[in-house]
Amino acid sequence: MTETALTVQQTSRPTGFPTAAHFRFAESPVPEPAPGTALVENLYWSVDPYHREMMDGDFALDAPLEGRALGRVVASREPALPEGEIVFHRHGWRTHSVVRPDEVRHLPHHQGVPLSAYLGVLGGTGLTAYTALTRIARLREGDDVFVSAAAGGVGTAAGRFARLLGAGRLVGSAGGPAKVAYLTERVGYDAAFDHRAGPAADLLAKAAPTGIDLFVDNVGGGQLGAAISALRPRGRVVRVGTISQYNHPDAPPVVLDHAGVVEKSLRIEGFLVRDHLDLQEELYAFAVPHLLAGRLESDETVVDGFERIVEAFLSMLRGGNTGKTLVRATR
């Protein structure tokens, strides 16, 4: 184990897109665990769109940033956290974390499942997609589904899960031809469109000419308005995120057909995945057999080296990833 620990700190509040100048790496000695805690050397870190929202005020300045991580217990003063155990925790964006038993989740030992999947399709990303489809939207077999930001972590998981759950026609939006091709050739979407190629309503109407039953919305903005118009009677919208506004606080409000919401008896509901952590074991029971059988893949963009975590985050915000963005330790 190295003798120096690194943490990432936010130094100022961004306006619009953040840059590397909004962060710094701070060195310190590797911390010693106190009684009742353990020292974790982190192996994988998650970078997520929600971090951008937290930069506006939820993250304290000049303090280590919160984030999902997987790591190995390397020193313990707590019997419930034995040395060598791999754990999930939220003291990420640092190379070493001191944790209590109530701050970690012990990973199940699913032979043949890659460790990175527990931050992706089996982690908070997958749990968000699974909750959206099964609890919020209550996907029914044969439902035609539209997913925005479909080439991202939640979008790829939502597409793959929807297919396994019996969805009908599956339509996604993404940024750029390469991602559109990835969705139809690799993930299993029946149709996809580049949201930069024209008005969202026109693009969606071409991809789903007979309408949709369910919209998993990671973006907001014009795509939300387009989906409201395309939904059939008793359609559902699951609001997962608003990526289109994270770096554009002055973006105009969404224009949508409010009368259509009433006349078509539509339901629009948002949720926070932290309120559905009780579904974690259900997600494992659903997804792990599909992973082991090759029916499900974990879509990932992996960046090597903790020193590149800010770079990975900024690239993800600008659409430089396909699937879940992860950073992997190299030492």
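How much space lies in the largest cavity? About 40 Å³. Before we look inside, a word on what you are viewing: this is a predicted model, where local features need pLDDT of at least 70 and side-chain atom pairs count only at pLDDT 80 or more, while totals for chains, interfaces and linings use all residues. Residues are numbered from 1 along each chain as its sequence is written, and side-chain values use heavy atoms, with hydrogens and water left out.

Let us start with that cavity. On a 1 Å grid over the protein atoms alone, a cavity is a set of points where a 1.4 Å probe fits but cannot get out, and its lining residues have an atom within 4 Å of a point. Grid points are joined across faces, edges and corners, and the volume is the space filled by probe spheres set on the points. Counted in this way, there is one cavity of 30 Å³ or more. Its lining includes Gly120, Val121, Thr125, Thr156, Arg160 and Asp299. Helix α3 (residues 153–164) gives the largest share of this lining, with four residues; helices here are DSSP runs of H or I with at least four residues, strands are runs of E with at least two, and both are numbered from the N terminus.

Now find Val187, which has its place in helix α4 (residues 177–187). Is Val187 buried or exposed? It counts as buried because its relative accessibility is 6%, and buried means under 20% relative accessible area, exposed over 50%, and partly exposed in between, using a 1.4 Å probe and protein chains only. Setting aside neighbours within four places in sequence, Val187 is in contact (heavy atoms within 4.5 Å) with Thr156, Arg160, Tyr182 and Asp299. Thr156, Arg160 and Asp299 are also among the residues that line the cavity. Asp299 is 112 residues away from Val187 along the chain, yet their C-alpha atoms are separated by 8.5 Å.

Next come the aromatic rings. Rings of Phe, Tyr and Trp (its six-membered ring) pair if their centres lie within 6.5 Å; planes under 30 degrees apart count as stacked, over 60 as edge-to-face and the rest as tilted. How many aromatic pairs does the structure hold? There are 11. One of them joins Tyr118 and Tyr284 edge-to-face, at 6.1 Å centre to centre with 80° between the planes. Tyr118 lies in the loop between β7 (104–106) and α2 (124–136) and Tyr284 in helix α9 (residues 280–293), so this pair ties together parts that are 166 residues apart in sequence. Both tyrosines, Tyr118 and Tyr284, are buried.

For a stacked example, look at Phe146 and Phe215: their ring centres are 4.7 Å apart and their planes stand at 10°, so the pair is stacked. This pair, too, links distant parts of the chain, with Phe146 in strand β8 (residues 145–147) and Phe215 in strand β11 (residues 212–217), 69 residues apart. Phe146 is buried, with a relative accessible area of 1%, and Phe215 counts as buried at 0%.

Arg105 lies over the face of Phe88, at 4.4 Å from the ring centre, and Arg318 lies over the face of Phe17, at 3.8 Å.

Phe23, Trp93 and Phe313 form one aromatic cluster, and Phe313 leads us to helix α10 (residues 309–317), where seven of the nine residues are buried. Among these buried residues are Ile309, Phe313 and Leu317. The buried residues of α10 pack against several elements, including β1 (4–10), β2 (23–29) and β15 (324–328). Just after α10, Gly319 takes a positive phi of about 80°.

Which residues other than glycine have a positive phi? Asp62 is one, with phi near 60°, and it lies in the loop between α1 and β4 (69–76). Asp62 counts as partly exposed at 43% relative accessibility. Arg138 is another, at about 55°; it is found in the loop between α2 and β8 and counts as exposed at 55% relative accessibility.

Technical notes
Lys NZ or Arg CZ within 6 Å of the ring centre and 35° of its normal. 1 Å grid on protein atoms, 1.4 Å probe; cavity = no way out; pocket = protein on both sides within 12 Å on 5 of 7 lines; lining within 4 Å.
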